[in-house]
Amino acid sequence: MTPMIHILNGPNLNLLGRRQPEIYGRETLDDVAAACAAIGAEAGLETRLLQSNWEGQIVDWIHEARESAAGIIINPAALTHTSVAVLDALNTFEGPVIEVHISQVHKREAFRHHSYVSHRADAVMAGFGVHGYVLAMRHMAHLLG
Ligand code: DQA
């Protein structure tokens, strides 16, 4: 069976491409899904990209990943900086977890410098724009290869 990678996205990322493009760029989450699927096809990985504005939905998807995913790529968006619940859920997942931030969060406001999710993430990408998802997929392929 082809290993599945869940690419989870938190609040406001449904507006990617239209939301503060000077920070997050003009590419949409559909563009990200297509780019990740293309890397997956090369690397023998299936991808499933999901987005929610609701913390509990992200937690539920992480629980589902326990059953069906070999790895998780997650941009928790604002939940990065607030959510012990997302961290606790990720701590129940046994495969690799890669945290992605489109912007370079350490160059931004102080409240973006701390990440609960980084307590669990095996690797963190920040400041690569949406290309960070592609790099995360390549690293996931390397880890699972
Ligand atoms: C973000 C950075 C977060 O601080 C912010 O709340 C987001 C997006 C990023 O991808 O750069 O919504 O995770």
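Biologist: At what angle do helix H2 and helix H5 pack, and how far apart are their axes?

Modeller: This is a predicted model. In it, helix H2 covers residues 29-43 and helix H5 covers residues 131-144. The two pack at an angle of about 25 degrees, and their axes are 9 Å apart.

Biologist: Why is H2 described as roughly parallel to H5?

Modeller: Angles under 35 degrees count as roughly parallel. The angle between H2 and H5 is about 25 degrees. Therefore H2 is roughly parallel to H5.

Biologist: Which residues of H5 does H2 meet, and how many residues of each class does the contact have?

Modeller: From H2 come Leu 29, Val 32, Ala 35, Cys 36, Ile 39, Gly 40, Glu 42 and Ala 43. They meet Tyr 133, Val 134, Met 137, Arg 138 and Ala 141 in H5. By class, the contact has ten nonpolar, one polar and two charged residues.

Biologist: Which strands are the edge strands of the open sheet?

Modeller: The sheet has five strands with parallel pairing, in the order E2-E1-E3-E4-E5. An edge strand pairs on one side only. The edge strands are E2 (46-51) and E5 (123-126).

Biologist: In E2, which residue is the bridge partner of Asn 9?

Modeller: Strand E1 (residues 4-9) runs parallel to E2, and six bridges join them. For Asn 9, the bridge partner in E2 is Gln 51.

Biologist: What angle does the direction of helix H3 make with that of E1?

Modeller: Helix H3 (residues 55-68) packs on the sheet and touches E1, E2 and strand E3 (71-75). Its direction makes an angle with that of E1 of about 175 degrees.

Note on methods
Residues numbered from 1 in each chain as written. Predicted model: local features only at pLDDT ≥ 70, side-chain atom pairs only at ≥ 80, totals over all residues. Heavy atoms only, no water. Axes fitted to C-alpha atoms, helices over the stretch in contact; angles between N-to-C directions. Helix = DSSP H or I, 4+ residues; strand = E, 2+ residues; numbered from the N terminus. Parallel < 35°, antiparallel > 145°, perpendicular 65-115°, else oblique. Contact = heavy atoms within 4.5 Å. Nonpolar A, V, L, I, M, F, W, Y, C, P; charged D, E, K, R; others polar. Pairing = 2+ DSSP bridges.
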